[in-house]
Amino acid sequence: MTLPVAQKIWTISANNRITFVSLNDTMGQLLKGWADFLLAHGYTCKGSSNGAAAAMDGVNRWATAANAATRGANTVTANSWMVLTDGNSANICLSYVGASDDIARIAFSPAGSYVVAGTATFTPTATDEQVLWTVSVIGTTTSLDRIWFGWVDSTSKLCRFLILRDSALIGPVWGVELVSSRVTVAFSPAIWGFAYNNANFCWGSGAGAVLSDFAANTRGGKTRINSVSVNVGGGAEVFLNSATGWQSIKPELQKAIGAPMFPMSIGSAVASNQGPVGDLFDWYSGQGTAICGNTYPNMSWIEFGIGTQASPGQGIAWPWDGSTIAQVA
Amino acid sequence: MAAPTIQKTWTITANNSIAFVSLNDTMGNYLKGMADFLLAHGYTCKGSCDGVTGAMDGVNRWTTVLKASVRGATTSTAQSWMVVTDANACDICLAYQGASDDIARFAFSPGGLYVVAGTTTFTPTATDEAVIMTGVTVINATASSDRVWAGWVDSASKLCRFLINRAAVTITAWGVELLNTRASMTQTFSPAVWGFGFSGANFFYTGATAFLANYSANVRGGLIRVMGANIGLGGGAPFFLSAGVWGNVQTELQGSVGYPMWGPLSVGSSNASRQGVVADTYDWWSGRNGGASSNVGDTYFTKTFVQFGGSDGLVWPWDGSTPNVGTGGASAAQNGYAQANSPAESYGQPTSGNTMYVPLARSAVTPTGPSAIKTLARRPGIQVVRLQALSADPAAESGKVLLYTRTISGQQVLFCRLPDGTVYQVGAG
């Protein structure tokens, strides 16, 4: 048994360093960076706002970072926003909304239902909107560069992002992705949107880890099944009443070739919509004494999570590009 | 959603009620019943003892219940015993040995190595013996009520399992079975068998004292022999949302057709030096967790599966009959659906430290000039630290270990200086 074989073909944008100038500048660059990456890999712009002009007209108005840097204090204030459509026909809405410059709002519409709000520069609305994140994205510290990483698959149906500052994850680890469905009811597109804060992006079955249930702006994700929003949390094969039993060793019964990498699934405990939901593509448990940014042999997988040099810990392993040295600070 | 696929072809002896006379009689009946069932389905008698005569000669001396009813207080006391050999070439040893009449000793030898003890009526011995249950009650110590046992053996005579109930409570479950070895289990593991023993109170799916918990001798889990030693195994299975697996919900996302039946359940080891995933069981699943009844003896589909152990108990194949679980028990019909384990695990080991880039030029280095002594803060991912040679040892510093280089006789040498002034050479180049 060796490393997992990635199920999807990924394009990875690594080491996108945003030299710190201000939180507003960082956020504008980050939002524009995310959007540009997606638009370069099969996602289309459904509409956008630069804070002054806006329409759901397919025009990308984020020509500069400044165009993405107009923050609105709430969704009914002019702000920079962009709606993108993926290969699932779902919409992702990035909008610079929040009470301070470090906050943005990330949401998606499984059915691709976003329309402009009554005032076009306000945050767009969707009847099936799933809000993933509404708290700090880049941290409030007004110093140090932020570095972001992005993944998109070759069919433009999965994307994932994370941000680091000073060798540690900060803000959301988020994405909107196709899953391998395990349900027998209406679930189309079979996608989930997820968002984890840095403290919850760790493997384990206890509270505060990816195998625990959804908590808004904290961990887990959202799907839309049976025409309703369903919060989901993680699941995986667990041995000996512990999800972390062998993650800090190289099990001898496998001839000490490495730590087990268990694939991850999602499920729902929402009343009337309970049960396993799906298996994730290319999510695996990481090694338990890892540091954020550790790569696996051949640099084919990389681990991000709670682990730091001072306190190594267990994270999640995602595919990597085979060559790039990750910059984590 | 369909029923689980039964992997083995089972012969099941169901509803074997032992009318209560005494604990000794019940145990004799149970031991002889199990032995007869195995011998009728491909297991062979390697040797036996009726408490008076014992030999490893292939002769079955348990011709009556009384012959299986001689209890020895210890392994070096005359007792009824029988060793049977399965198609894995493993030996299973049933010995009526214990401090009281409700206790017996079940063990096996993966290598089929049982030989008679120095005194042939004593418990046989094997150098690789793995003791499944000993010193604990097998049939419950209460001197009343019928016991009802059931046995399973597969068509290849490589798996057998037994359990016994009293008054609708599962007392013990045990067996010696072939495992479906995981591809990742790369250590030599032949025969790939485990012997398992569960008390009724541990014959459940989830929790700290259940199948998914770690091995506990005479209580739960099982034993295998690998890498020259016997090691304990605990269970594994999918687990969602920190709360389990919807044991008492006919999950709506699967169409509300039944309770998820997770499996086949798996096993793994946390034994020091022998840790890791081992195998999947054959035909073990999770059962319903909850309901109006105790769930002991509840069946699924057309009575093709049965649950023992109570709510959150475990599910095995069944023969279509209505289970008899003893006085006061009732079998209910449950709905279920197969829910497969997640894809198997892979393995990898991240390379620590040297696969990240952290710019040293920031706060990592106190920027006091290129020739000054620098203080490195703790930083991840440092690949190379270049130390400029000193012309003399630096002064010792309280609470700090100093690492530095000097050129000695043309060789640049790495030193450390301890707070007490001691200097050690670390390396030379």
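Entry 1: I then looked up the strands involved: β15 of chain A, residues 228–239, pairs with β14(B) in the antiparallel sense, over 5 bridges.

**Entry 2: the contact.** I asked how many residues each chain brings to the contact. Chain A gives 69 residues and chain B gives 57 residues.

**Entry 3: confidence.** I recorded an ipTM of 0.94 and a pTM of 0.88 for the model. For chain B I noted an average pLDDT of 90, with 90% of the residues at 70 or above, that is, scoring at least 70. I marked residues 360–372 of chain B, where the pLDDT is below 50. Beyond near neighbours in sequence, this stretch has 12 contacts in the model. Where pLDDT is low, the predicted coordinates should not be read in detail, so I left the stretch there.

**Entry 4: overall dimensions of chain B.** I compared the radius of gyration of chain B, 30 Å, with the value near 22 Å that a compact globule of 429 residues would have. Along the principal axes, the C-alpha atoms of chain B fill a box of roughly 95 × 60 × 35 Å. I found 52% of the 429 residues in chain B to be buried. Of the contacts in chain B with a separation of 6 or more, 58% join residues 24 or more positions apart.

**Entry 5: a sheet and a helix in chain B.** I counted the secondary structure of chain B as 1 helix and 28 strands. I traced an open sheet of 6 strands with antiparallel pairing, in the order β3-β2-β4-β5-β6-β7. Which strands of chain B are at the edge? They are β3 (54–55) and β7 (130–133), each of which pairs on one side only. Val84(B) stands opposite Ile92(B), which is in β5(B). Last, I placed helix α1 of chain B, residues 23–39: it lies across β2 (44–50), β4 and β5 of chain B, and runs at about 20 degrees to β4(B).

How values were computed: Residues are numbered from 1 along each chain as its sequence is written. Chains are lettered from A and ligands numbered from 1 in the order in which they are written. This is a predicted model: local features need pLDDT of at least 70, side-chain atom pairs count only at pLDDT 80 or more; totals for chains, interfaces and linings use all residues. Two residues are in contact if their C-beta atoms, placed from the backbone, lie within 7 Å. Two strands pair if DSSP finds at least two bridges between them. Helices (H or I, at least four residues) and strands (E, at least two) are DSSP runs, numbered from the N terminus. pLDDT is the predictor's confidence in each residue, from 0 to 100. The radius of gyration is taken over C-alpha atoms; the globule rule is 2.2 Å times the number of residues to the power 0.38. A residue is buried if 20 or more other C-beta atoms lie within 10 Å of its own, exposed if 12 or fewer, and partly exposed in between; C-beta atoms are placed from the backbone. Axes are lines fitted to C-alpha atoms, for helices over the stretch in contact, and angles run from 0 to 180 degrees between N-to-C directions.
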